[in-house]
Amino acid sequence: MTYTAGTYDCIVVGTGHAGCEAALAAARLGCKTVIFTLNMDNIGLMPCNPSIGGPAKGHLVREIDALGGEMGKNIDETYIQIRLLNTGKGPAVYALRAQADKYFYQKRMTSVLQQQENLDLKQALVEKVLINEENKVMGIETETGAIYQAKTVILCTGTYLGGKIIIGDTSYIAGPNGQRAALKLTESLRAIGLEVGRFKTGTPARVDGNTIDFSQMIEQPGDENSEFFSFMTERGTGHNVPCYLAYTNEATHQVIRDNLHRSPLFSGKIHGTGPRYCPSIEDKIVRFADKERHQLFVEPEGLGTSEKYVQGMSSSLPEEVQLSFLQTIKGMEKVEVVRTGYAIEYDYVVPDQLKLNLETKKIDGLFCAGQINGSSGYEEAAAQGLMAGINAALKIMNKEPFILKRSEAYIGVLIDDLVIKGTNEPYRMMTSRAEYRLILRQDNADLRLTEKGREIGLVTDTRYELFKRKKTMIEDELRRLGEVSVTPKHEKIAALLKEKGSTAIKQGITLYELLRRPELKYKDLIEIGEGRELPEQVVSQIEIQIKYEGYIQKQLAQVERFEKLENRRIPEELDFINIKGMSVEARQKLSKIKPTSVGQASRISGVSPADLSVLLVYLEQKRRGGKM
């Protein structure tokens, strides 16, 4: 028997990182929202690595924060170590990464959801998406027959959708950490016409830190004076719990080689496609057979637990084999496994069935976010969740969707890649995927996106005032540096240049031009009385904008050319199949994905430059009223 249990504006299914951001965004924008979880104790769960950030992922977190999302604030309140990576490279690839106290992370996120106005939390297994005859979403049905009606539904099912855990010869239906899996929901999605695929991911064993000799490993402390993820954070947790660097060796590799026949990955037991950039240890040993060792990081799971996460040792080999190869590692000869590593297969919705607002093309009002879209990672999921929540709310309010371009944000790159290019493996965000990464830095995420978040309604007054103050300080100081000139007779400038090994100035020069020299820092100007005492974030922006001005201008010119193609709109009703002169593959791909601009069409796999030329000619003839 079924019964009507409630009516909402927005229903969110799943309380992982995507679901939390989606529900908070919708509720904060005034929508009556309900979020469903399989287990109230697993909200914001980190089933794999207990960390947030890293290359490109840190960029996403900063962007989520700039738009008014929660992930950045949550990790800033709960980290136990934080580091800025890639500082030996350019600012475009600087990456903030934090180890989380995974239990405190969950506890705080749960509290945020519970205290959010307009948001209800329910523990239930959702089994069916309900639609009407017009293919418009009507709500969901749970396993107990409860029907919840809503104008929009956002699916954030993570790896629980059709989840199956595999360890050696053992396999069982489950979500991460042995939780319940959602099986009938996959059938429901197929029944309403969505194409569903199968992916695989995995996680390493958790080991008892009390059984490790850390003196045999290399200590990796965090930064003492680090940045933070949220632009609102003024002071961190104060924790700096070390991680430890270790390596596999020939003995480790031999144990794995001797047991490859027992690996589900090579025996054919695993059918889903796994992540290219996060392979299991057995996959590494086979693919990189010439490598004598592989790097591992032993990372804490929290302050109140002795469990350690062995990053780099993801495996689905049998339990006793995992223990054997772990005990070959220096410092882990007596290690005990607390939780066995495993592979997990799960269902996902092929993402080219989505619009750029993350709404499905076939079902009006049904949105998808996170790993259900073929992505991997907490940060990628949270970014999609935020965008899905925003767009579900905008749809309810009959407003235009909020879409970020590739030239505006890593979030734009992420969603554009998934929807326009599609993916045949779990998608991971990387800096190399962003062609405009010099202007999409993590340090300027607030300057790029806070105004947009404010227009949407997610940026609070407090955040906006802080942002405006920072922006004004940057603009005022850049203007002042461009107006103040110094001459060769300036004794302190002459002494500074000599000390830094920099060429002496021969004529008048502005402080702005002087600071372009790579050997000079803004703090040098302060020391000689030509600078101002400004916040570190402001100083960093000033230096980057001045020193990289030429490169930034070149990238902005590239963006301008990109925008021209993005602004060449393609009529929604255009029939690609009947465009003569275009390859069959291109016509089929274009018909399926239905790009809304020439720029999007150019990024679809199978659409060649020649196909694009035909499309441009066709559109121009249509514009002039001709035939082709």
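Biologist: How far apart are the mean positions of the positive and negative charges of the protein?

Modeller: The mean positions of the 83 positive and 82 negative charges are 4 Å apart. Lys and Arg count as positive, Asp and Glu as negative, and His and the chain ends are not counted; each charge is placed at NZ of Lys, CZ of Arg, CG of Asp or CD of Glu. This is a predicted model, in which local features need pLDDT of at least 70 and side-chain atom pairs count only at pLDDT 80 or more, while totals for chains, interfaces and linings use all residues. Residues are numbered from 1 along each chain as its sequence is written, and side-chain values use heavy atoms, with hydrogens and water left out.

Biologist: What makes leucine 125 buried?

Modeller: Buried means under 20% relative accessible area (exposed is over 50%, partly exposed in between; 1.4 Å probe, protein chains only). Leucine 125 has 7%, and is therefore buried. Buried residues make up 57% of the 628 residues in the protein.

Biologist: Which residues is leucine 125 in contact with, leaving aside its neighbours within four places in sequence?

Modeller: Contact means heavy atoms within 4.5 Å. On that basis leucine 125 touches Leu38, Glu141, Thr142, Glu143, Arg180, Ala181 and Ala182.
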